[in-house]
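Good morning, and thank you for making time on the agenda.

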Amino acid sequence: MQTTWWRNRWWLATGLILVLAGGVVLVQRAVERERALFETDARIVHRLLSQRVVQHDAILATLSLLQPTAQAAGAGSAEQRLPALYPRILRVQRSSADAPWSSPALVAAETASREQQRPTLATVDFAAGQYELVLSAQPHSYALSIDLRALVPWDEWPMAPETSLVRVWLTHAGQRFDVQTGQPLAGESTSGWRFDFQKPLATSSQPFDVRAERRLSWSQLPWAVWLLWSALVSTLLAVLMQLQRQRSERRRAEELLRLGQVARLNTLGELAAGMAHELNQPLTAMLASAQAAQRLLDEQPPETETARGAMRQAVAQARRASEVVGRLRTAVERPGSDRATQAVDLKEAVRRALYLLEPECERRGVVPELQAPAPVPVLADPVALEQVIHNLLMNALQALEQVPQGHRRLRVSLREVHKQGELVVADSGPGIAPEAMARLFEPFFSTRAGGLGLGLTLCETLVGTMGGSLTAANQAPAGAALTLRLPLAVGVV
């Protein structure tokens, strides 16, 4: 059961890692996608505004080249038609030696324009949404008054200003003009991600910086996709867990089948020794009775009545031998084989046996307790040792069936003592009756109804062939403890 708990915990951890990793990937992709969209829109905004302000330089340059005469500068002149052609140009002004600028700002801007040989800003009033641009020329200098609100080409704008979350504004000398305010998020805070863009317009005559900002909050992440990914991972892990469980159960069944076959093989070896002893007496008696009957019949006259008695004794002994052979045939099917001992980790052998008996423990509501602070290497036949441990644990589980489930305890402890590896299987069952203790390892003796009475006998024989010992004792306040000792494997960790 502990193995199952750890296995389920591993699957849960794996699923959690996959879900979190998928969430991280989805968040990264969402953030990068929103960042790329933001930067694309911001660059388009910068290009559109740059195209508009560059036109102002071109208009001033054209006016300075044309230099219309005073008579041609009336209301119908080209320069006076500019506001109609370009709605963002509020008015066009010009000065000459005879009609200088009335505004000191325009005079200073003309002087700077003459020195720099390019248009120059005169006044910038972002609060009013206007600014003036002056170009010095001969005989007339020109100034444009520009409306910032009409500067934005909304028909080509890459975003919907009513719903867009992007803020766009122009900055100059500490002033700010909001081009697009952006829709604030409900409960917007500083958490999440912030995207920024800043770049000056593409003309030195109007040194305004285009700024853009976008905030991406946690609520805007693709949670539906993440939930779908989580459901997919959960489904996949559930299928894999089921397949793993089926595979584990199949392996366990195969191991139990193999262990059962080995048990039958070892049981036959035990039976062979026991049967040889039990058959020896009836066969000897049969031979003696048959020889006596033959002598009695050879006498003259033959003593037939005495001979009949001898033959009846031979028949009785034959029946006894037949019963012994019958028990042998029902117990095993195939002969066994000898195996050499080798270094075996007793702790791992116990864990393997507990794994095979995991369904039996769960069915009885028993949680085995393994007390093994360190590996205990012993010299043993791995298969035989596994069979012995399996039999000891199974006997303990069968004994625990006789007590209420809440009182069922099974403890397996390992340690090194006197150059031997010691394994103790202790249960909280009813214990061993005193009259049964003396016959516990006797062949064909069983305290369980229907039992063959060869399990502990076989275990004792197998342990003995490996140079170890197997003992049993009752423990207080209730239960029994079987102690297995085997020689330590020197030099093995």
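Predicted model: local features only at pLDDT ≥ 70, side-chain atom pairs only at ≥ 80, totals over all residues.

**Group meeting: a walk through the model**

Serine 50 is buried, with a relative accessible area of 6%. Leaving aside residues up to four places away in sequence, serine 50 touches Leu201 and Ala202.

Let me now step back to the chain as a whole. It contains ten helices and 15 strands. There are 493 residues, and 40% of them count as buried. If we take contacts between residues at least 6 apart in sequence, 69% join residues at least 24 apart. The chain exposes about 27,300 Å², of which carbon and sulfur atoms supply 56%.

Which residues have the most contacts inside the largest nonpolar core? They are Leu385, Ile389, Leu393 and Leu423, in a core of 45 residues. Elements that give two or more residues to this core include helix H6 (346-356), helix H10 (455-465), strand S12 (410-417) and strand S13 (420-427). The largest share, ten residues, comes from H8.

Leu236, Val239, Leu240 and Leu243 form a nonpolar patch on the surface, and together they have about 350 Å² of accessible area. Of these, leucine 240 is found in helix H4, residues 223-298. Leucine 240 is partly exposed, at a relative accessible area of 35%.

Now to the charged pairs. Side chains of opposite charge can pair when their charged atoms come close. How many salt bridges does a search of the whole structure find? The search finds 14.

In one, arginine 214 pairs with glutamate 34, and the closest N and O atoms are 3.2 Å apart. Because arginine 214 lies in strand S8 (residues 209-216) and glutamate 34 in helix H1, this pair ties together parts that are 180 residues apart in sequence. Arginine 214 is buried at a relative accessible area of 9%, whereas glutamate 34 is partly exposed at 22%.

Another salt bridge joins the side chains of glutamate 348 and arginine 351, at 3.3 Å from N to O. These two are three residues apart in helix H6, so about one helical turn separates them. Glutamate 348 counts as partly exposed at 42% relative accessibility, and arginine 351 is likewise partly exposed at 42%.

The remaining example is glutamate 360 with arginine 364, where the closest N and O atoms are 2.6 Å apart. They are four residues apart in helix H7 (residues 358-364), so they too are separated by about one helical turn.

I close with the backbone. Most residues other than glycine have a negative phi, and most peptide bonds are trans. The bond from glutamine 138 to proline 139 is cis, with omega near 0°. Proline 139 sits in the loop between strand S3 (130-135) and strand S4 (141-147). A cis peptide bond also joins alanine 476 and proline 477, with omega about 0°, and proline 477 lies in the loop between strand S14 (469-474) and S15.

As for phi, alanine 173 has a positive value near 50°. Its place is in the loop between strand S5 (167-172) and strand S6 (175-180), and alanine 173 counts as exposed at 70% relative accessibility. Lysine 419 has a positive phi of about 60°. Lysine 419 is located in the loop between S12 and S13 and is exposed, with a relative accessible area of 73%.

Thank you; I welcome questions.

How values were computed:
Residues numbered from 1 in each chain as written. Heavy atoms only, no water. Buried < 20%, exposed > 50% of the residue type's maximum accessible area, 1.4 Å probe, protein only. Contact = heavy atoms within 4.5 Å. Patch = residues over 30% accessible without salt bridge, like charges linked within 9 Å, V, L, I, M, F, W, Y side chains within 5 Å. Areas by Shrake-Rupley, 256 points an atom, 1.4 Å probe, with all protein chains shown as cover. Salt bridge = Lys/Arg side-chain N within 4 Å of Asp/Glu carboxyl O. Core = buried A, V, L, I, M, F, W, Y, C linked by side-chain atoms within 4.5 Å.
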